[in-house]
Amino acid sequence: MFYKNNGNYTVESVTSGHPDKICDQISDAILDAYLTLDPKSRVAVEVFGGHGKLVIGGEVTSTATVDYEKIAREVYKEIGYAAKEDRLEISAHIVTQSHDIAMGVDTGGAGDQGIMYGFATDETPEYLPRGVVLAHKLSKRLEEARKTKEISWLKPDGKTQVTYTDGKLNTVLVSTQHIAGVTQEEIKKEIIEKIINPLLPDSEKTSVKIIVNPTGKFTSGGFEADTGLTGRKIMIDTYGGLIPHGGGCFSGKDATKVDRSGAYMARYAAKNLVASGYGKEVLVSVAYAIGMAEPLMIEAVNEKGEDLSDIVKKNFDFKPTAIIEKLGLRKPIFLQTATYGHFGKENLPWEIIEPLS
C-alpha cells in the first residue's frame, strides 16, 4: 500500500475563506478570465494578501486584457468577505512571459522542468483516500451551512482535519470562524449535529473523538488574522500528503505549465488504470525538461509493486500539447478546482473514466 502506514494517517482541508485559498481562487479566476477571451493565453499569476492589502504578480502573454482588481474584488465578495472592514488595497504587477521560456513552449515543449504524480484508489467512489474525501466534505459543509444560513453564526474562514488509526476514523477536528458572542457550547453542538454527524455512518458517530475550535475562540479570520499566498496548500489540493508531491502548485497556471497539466494527466491515467482493474491503488510518476515535449520519465506501479509503465505509455500521451488537447485545458474551467481539491470532482475532464486498449 502506498499511503496507509498500517492505517494510521491524518489529512486536512480548508474552507474557501481561508487566506491561502482566497489567493488560489483569485489566481484561477484571473486565469479563467484570460482563457475566456483568448484560449491560448499563457498565464502564471500568483496572489499575496493580508491585513488590508492584496498584491497580484506574475507573467502573462495574451491578446486579452482583463481587470485584475475587479476580478479580485468579485471573488473576495463571493467568498463572503463583503463587509466594509474587509475592503482591500489592491496592486497588480504583471509582465509578459520570459522569451527564454516561450521559445520552448512555442514548439510544444514543457513550460518547466519538474516531477508530477497522479494517484487513485478504489477505496471511495471518488477514487481518493477516505480521509481526503471526508476532510473536503467537512470543509465544504461549513461553507454550505454558512451561505444557506443553516448556521447563522458561521464566518468564511475554517479548517478541518481527520485522523485514522488502524484504518478506522479516530478523530475529527473542526476549527471554524464565528461571530462574536456565540458560546463554545453552541458552536460545538451545531457543528456536531449539522456538519459532522450527517457525513458519518452510525458506527463512527459513537466511536469518533470530536474536537471543535480547540482554542475556544475563532472570531478573527481571513486576511484580518493571517496572510495568504497562492499555492501554499498543495497537499490539500492533491492527496493530503499521503503520496509524493512534485513540489509545483497548480492555481494561476495555464496548462502549458506541466506542474498543472502533467499532474492532471497523471491522475487521469492512475484513475483509469484502477477503474480498468490494473490495481486497487495506482501511482503514476512523470518528469519533464523545460522546452522538451517528450517526458524524461513515465512510470506507474500498483499496490502490489507491479510495473504498469508500458500500459500507461500505450494508452496516454504525456506531451504537453497532447494533454491540453485531450483534457480540453484551454477552457476556463479552473476556478472550481481552487477549493476542496483538484481531484474527485466528476465534472472535471481528468476525472472521466474511459476504456483502455
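Me: Is helix α1 enclosed or open to the outside?
Reply: Largely enclosed by the rest of the structure, because 17 of its 19 residues are buried. Bear in mind that this is a predicted model.

Me: Which sheet is next to it? Give me the strand order first.
Reply: The order is β4-β3-β2-β9. This is an open sheet of 4 strands, and its pairing is mixed.

Me: Which strands are at the edges?
Reply: β4 (89–95) and β9 (228–229). Each has a single partner strand, so one side of each is left without a neighbour in the sheet.

Me: And which strands does α1 touch?
Reply: Helix α1 packs on the sheet and touches β2, β3 (53–61) and β9. The direction of α1 makes about 150° with that of β2.

Me: How many bridges join β2 to β9?
Reply: There are 2 bridges, and the strands run antiparallel. β2 is residues 42–50. F48 stands opposite L229 in β9.

Me: What about α2, which strands does it lie across?
Reply: Helix α2 (residues 68–79) lies across β3 and β4. It runs at about 130° to β4.

Me: I've got my eye on E69. Where is it?
Reply: E69 is in helix α2. It is partly exposed, with a relative accessible area of 36%.

Me: How far apart are E69 and I210?
Reply: In space, 41 Å from C-alpha to C-alpha. In sequence, E69 and I210 are 141 residues apart.

Me: OK, other sheet. What's the order with β1 in it?
Reply: β1-β6-β7-β8. These 4 strands form an open sheet with mixed pairing. The edge strands are β1 (9–14) and β8, and each pairs on one side only. From one strand to the next, the twist averages 15°.

Me: How do β1 and β6 run, parallel or antiparallel?
Reply: Antiparallel, with 6 bridges joining β1 to β6 (residues 154–165). Y9 stands opposite Y164 in β6.

Me: Which strands does α5 lie across?
Reply: β7 and β8. Helix α5 runs at about 125° to β8.

Me: Which α5 residues are buried?
Reply: I187, E190, I191, I195 and I196 are buried in α5, which covers residues 184–196. The buried residues of α5 pack against α4, β7 (168–178) and β8 (209–212).

Me: Switching to β5. Is that strand enclosed or open?
Reply: Strand β5 (residues 114–121) has 6 of its 8 residues buried, so it is largely enclosed by the rest of the structure.

Me: How does it pair with β10?
Reply: In the antiparallel sense, over 8 bridges. β10 is residues 281–288. The bridge partner of F119 in β10 is L283.

Me: Where is Y127, and is it buried or exposed?
Reply: Y127 is in the loop between β5 and α4 (130–147). It is buried, with a relative accessible area of 17%.

Me: And Y340, what's its phi?
Reply: Positive, about 60°, and Y340 is not a glycine. Y340 lies in the segment after α11. At 9% relative accessibility, Y340 counts as buried.

Me: Left-handed or right-handed?
Reply: The crossing of α9 and α11 is left-handed.

Me: Which residues meet there?
Reply: From α9, V258, S261, G262, Y264, M265 and Y268. From α11, they meet P320, I323, K326 and L327. By class, the contact of α9 with α11 has 7 nonpolar, 2 polar and 1 charged residues.

How values were computed: Residues numbered from 1 in each chain as written. Predicted model: local features only at pLDDT ≥ 70, side-chain atom pairs only at ≥ 80, totals over all residues. Heavy atoms only, no water. Buried < 20%, exposed > 50% of the residue type's maximum accessible area, 1.4 Å probe, protein only. Left-handed = near helix turned anticlockwise from the far one by under 90°. Contact = heavy atoms within 4.5 Å. Nonpolar A, V, L, I, M, F, W, Y, C, P; charged D, E, K, R; others polar. Pairing = 2+ DSSP bridges. Axes fitted to C-alpha atoms, helices over the stretch in contact; angles between N-to-C directions.
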